[in-house]
Each structure stands twice: as structure tokens, then as C-alpha cells.
Amino acid sequence: MNTHAKFEIFAVVAPGLELALRDEALDLGFRKAKAAPGGVRFRGTWTDVWRANLELRGAAKILARIGSFRVTHLAQLDKLSREFDWARTLRADVPVRVEVTCKRSKIYHAGAATERIERAIAEEFGAPIDKDAPVVVKARIEEDTCTLSVDTSGELLHKRGHKVAVGKAPMRENMAALFLRQCDFDGSEPVLDPMCGSGTFVIEAAEIAKGLQPGRSRGFAFEQLATFDPDAFRALKKEPQTTDQMLQFFGSDRNAGAIEMSTANAARAGIGDITKFRQCGASEIERPDGPPGLIIVNPPYGGRIGDKKTLFALYGSLGRTLSDRFKGWRVGIVTNEASLAHATGLRFKPTTSPVSHGGIKITLYQTDPIA
């Protein structure tokens with residue numbers, strides 16, 4: 001196996017966050033990473049695939065492009081799938097699932113295309129086909145070209161492997177990480193979330209400060225591929241950095257259960273020593289001692305929990321508290337309604353693209369340091 005051969009790697013992200021993920025990929029040394037609709041593409045080796053899964057905080061999945069060919073009818077797809085060198089990537093003893101999408105192509109029936117590729121893998125290569133398989137081959141048939149990829153992540157990458165408890169409208173970890181990045185957070189300042197839920201923003205910020213790899217606690221689908229080298233992968237895992245113990249990350253929530261969840265999740269993530277969680281309403285938060293930093297919050301919004309009309313007072317109260325007590329701090333608010341954001345009375349900078357989150361378009365509203 002040639003572990004040094006380069007191929008295209010595609011990091012999937014929620015539409016609207018492609019540029020933030022591209023910047024993260026470039027910062028991590030994935031050279032010539034380019035934003036594309038729904039993700040970021042760059043060329044690399046299998047080692048880069050493993051490292052992308054382990055280190056990219058913003059990605060939802062990492063796909064490895066394993067081949068492509070022109071195809072205009074099902075018989076041709078059947079023949080070319082049988083001739084394809086599956087053994088270069090897959091293992092015959094590991095079950096496989098095939099997912100096909102068709103766009104603007106003479107082959108338009110995804111179900112029939114799926115059957116042809118599954119049969120080719122089972123009959124020519126010998127790997128069992130299973131709808132619950134740990135390895136997924138994705139075929140995209142677009143403009144009569146079939147592009148084959150393998151999902152190297154398995155479970156979505158926001159599942160870091162150390163969070164057991166989540167609230168009822170959680171912010172996904174990978175989205176939280178990219179919103180922190182858009183707020184210019186680099187791990188060197190305190191962060192406070194006054195409606196912390198299960199602690200996602202606070203935990204992501206503390207992990208960034210400690211230099212913890214987001215995928216350190218979980219397994220990946222690439223471990224089931226023929227290309228996997230356990231020793232080489234182990235060598236990519238890093239020890240946490242020593243952080244300034246004066247730097248702390250704060251979360252509060254009026255719900256006692258949320259504080260229990262956050263505290264437990266932070267302990268499991270190994271950042272309990274630099275996080276503090278407190279039960280209180282958003283209007284009762286106190287400015288921590290020390291330098292100013294970033295307040296980032298994902299408050300309830302209309303269409304998510306409850307009725308929008310009841311939320312204007314909540315946003316107004318939050319805005320007054322921040323204006324009165326947090327001079328010098330920057331604010332980032334994630335919500336789906338400009339009117340709710342502006343109910344805070346805070347002055348926002350121009351916004352970036354809205355992001356799709358659970359079928360709702362949400363936007364990050366940011367301020368300069370509060371004067």
C-alpha cells in the first residue's frame with residue numbers, strides 16, 4: 001500500500017460555515033484547503049485523513065475520494081464497479097453500506113445504482129453488505145461521472161466521545177467551535193456563556209485553550225479500512241498543553257440540571273480544572289475577576305423552544321446585564337431572528353452568512369468590546 005499517494009479529502013460542514021472551516025484547515029497545516037459548497041477540499045494522504053478526523057474541530061465528517069469514472073447506464077456502472085480496486089481501501093472482512101445520490105445524469109435511479117455497486121462489492125470483492133455497516137461507501141453520480149468516496153469518520157464528528165448529557169436544544173460541538181473561531185477566539189482569553197445548557201461553548205473553548213484534540217476520546221470508521229496503520233495513528237495523538245491556570249471558562253444556566261450536565265461533561269473532557277459552572281438566571285451573572293474576554297450565547301429562539309413573543313424580554317434583560325457589567329468584553333449571540341438579537345440593545349457588526357442548524361437558519365451576531 002502506498003501511504004504517500006495523495007488524493008482529494010473533503011471535510012463536510014454545515015452550509016454557511018465553509019470559510020471558517022477552511023481557515024481552521026489552513027491553520028492546522030492542510031495546505032491549499034479550499035472552501036466548496038457544504039465543505040472544504042484539500043489533497044492529502046491517509047495520514048492526513050486520520051489527522052483531519054482527530055484535529056479538525058469544525059468538520060462534521062471527513063470523506064476520502066477513492067476513485068471516479070464516467071458512466072451513462074446501469075450496465076456500465078455494474079461493469080466498472082466490478083472492475084474497481086476495492087481492496088486498495090476496503091477490507092473483505094468488514095461489512096459495507098453503499099449510499100448513492102444522482103444529479104443531472106442519465107442514471108437517475110439511486111436505488112438501482114446502489115444495488116449494482118453493492119453487488120459488485122459483495123460478489124467481486126467479498127465484503128458483506130449490511131445496512132448498519134461501520135464503513136459507508138458514498139457514490140455521487142453527477143453529470144454522468146460517478147465519484148466514489150469512503151466516509152472515514154463513522155459517527156458525526158461533533159460526537160467527541162466524552163459528552164454523555166445534552167440539553168433539549170443543543171448546539172453541536174463542531175458548530176460551536178466555528179462560531180468561537182468567527183469571534184476570533186484563540187484560547188488566550190476567558191469565555192462566559194450565560195445560558196450554557198450542557199456546556200458546549202464553554203467546553204469547546206477550554207479544550208482549545210488546553211490544545212486538546214477534539215477526536216481524542218472516540219473511534220473512527222477509518223480504523224476498519226485496509227489503509228489503517230494503528231501505530232502511525234497513535235503517533236498523531238498529542239499530550240495536552242499546560243495552560244495558564246489563571247485562565248478560566250465560565251458557564252451559567254437557571255436550570256440546575258444543566259449545571260449538573262455541564263459539570264459532568266467538563267470533567268469527562270478533562271477540563272474540569274479550568275471551567276466553572278453556576279446556577280443563576282442570565283440577568284444575575286457577575287463579571288469574573290481578571291481580564292475581559294468573550295461572552296458567547298445561544299439563547300432560546302422562536303421556532304426552537306417556545307414562542308418568540310415571550311423572548312423579547314429575555315433578550316432585552318440579557319443585553320442590559322451585559323452592557324452594565326461587562327465593559328471591555330466582546331459578545332457573540334447566535335439566534336434565528338434579527339429582531340431578537342437587536343432586542344438586546346447591543347451594537348452589532350455586519351453579520352456573516354446564516355447557517356442551517358436543525359432546519360433553522362441561525363446567524364452569529366457579534367459586537368466590538370462593550371464601551
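Q: Is K32 exposed or buried, and what is its relative accessible area?
A: In this predicted model, K32 is exposed, because its relative accessible area is 66% and exposed means over 50%.

Q: Where does K32 lie, and what is the value of its phi?
A: K32 belongs to the loop that runs between helix 1 and strand 2 (34-36). Its phi is positive, about 60°, although K32 is not a glycine.

Q: What is the phi of E143, and where is E143 found?
A: E143, which is not a glycine, has a positive phi of about 50°. The residue sits in the loop between strand 6 (135-142) and strand 7 (145-151). With a relative accessible area of 48%, E143 is partly exposed.

Q: How are two packed helices described?
A: One gives the angle between their axes and the distance between the axes. In this structure, helix 5 (residues 173-182) packs with helix 6 (residues 200-210) at an angle of about 65°, and their axes are 9 Å apart. Angles of 65 to 115 degrees count as roughly perpendicular, and helix 5 and helix 6 are therefore roughly perpendicular to each other. The crossing of helix 5 past helix 6 is right-handed.

Q: Which residues make the contact of helix 5 with helix 6?
A: Helix 5 contributes E173, A176, A177, F179 and L180, while helix 6 contributes T200, F201, E204, A205 and I208. Sorted by class, this contact has seven nonpolar residues, one polar residue and two charged residues.

Q: How many residues of helix 5 are buried?
A: Nine of its ten residues are buried, so helix 5 is largely enclosed by the rest of the structure. The buried residues are E173, N174, M175, A176, A177, L178, F179, L180 and Q182.

Q: What covers the buried residues of helix 5?
A: The cover includes two helices, helix 1 (18-27) and helix 6. It also includes strand 11 (294-297), strand 12 (330-335), strand 13 (355-357) and strand 14 (360-366). Just after helix 5 comes D184, which has a positive phi of about 65°.

Q: At what angle do helix 3 and helix 4 pack?
A: Helix 3 (residues 74-83) and helix 4 (residues 110-125) pack at about 30°, with 9 Å between their axes. Helix 3 is therefore roughly parallel to helix 4, since angles under 35 degrees count as roughly parallel. Helix 3 passes helix 4 in a crossing that is right-handed.

Q: Which residues make the contact of helix 3 with helix 4?
A: From helix 3 come L74, L77, D78, S81 and R82. From helix 4 come A112, A113, R116, I117, R119, A120, E123 and E124. The residues of this contact divide into six nonpolar, one polar and six charged.

Q: How is a pair of aromatic rings described?
A: The description uses the distance of the centres and the angle of the planes. The count for this structure comes to 13 aromatic pairs. One of them joins W50 and F228, with 5.8 Å from centre to centre and 80° between the planes, and is edge-to-face.

Q: Where in the chain are W50 and F228?
A: W50 is in helix 2 (residues 46-55), whereas F228 is in the loop between helix 6 and helix 7 (230-234). The pair links distant parts of the chain, for the two residues are 178 residues apart. Both W50 and F228 are buried.

Q: Which residues form one aromatic cluster with W50?
A: F220, F222, F228 and F233 form one aromatic cluster together with W50.

Terms used. Residues are numbered from 1 along each chain as its sequence is written. This is a predicted model: local features need pLDDT of at least 70, side-chain atom pairs count only at pLDDT 80 or more; totals for chains, interfaces and linings use all residues. Side-chain values use heavy atoms; hydrogens and water are left out. Axes are lines fitted to C-alpha atoms, for helices over the stretch in contact, and angles run from 0 to 180 degrees between N-to-C directions. Helices (H or I, at least four residues) and strands (E, at least two) are DSSP runs, numbered from the N terminus. Angles under 35 degrees count as roughly parallel, over 145 as roughly antiparallel, 65 to 115 as roughly perpendicular and the rest as oblique. A crossing is left-handed if the near helix is turned anticlockwise from the far one by less than a right angle, and right-handed if clockwise. Contact means heavy atoms within 4.5 Å. Ala, Val, Leu, Ile, Met, Phe, Trp, Tyr, Cys and Pro count as nonpolar, Asp, Glu, Lys and Arg as charged, and the others, Gly among them, as polar. Rings of Phe, Tyr and Trp (its six-membered ring) pair if their centres lie within 6.5 Å; planes under 30 degrees apart count as stacked, over 60 as edge-to-face and the rest as tilted. Buried means under 20% relative accessible area, exposed over 50%, partly exposed in between (1.4 Å probe, protein chains only).
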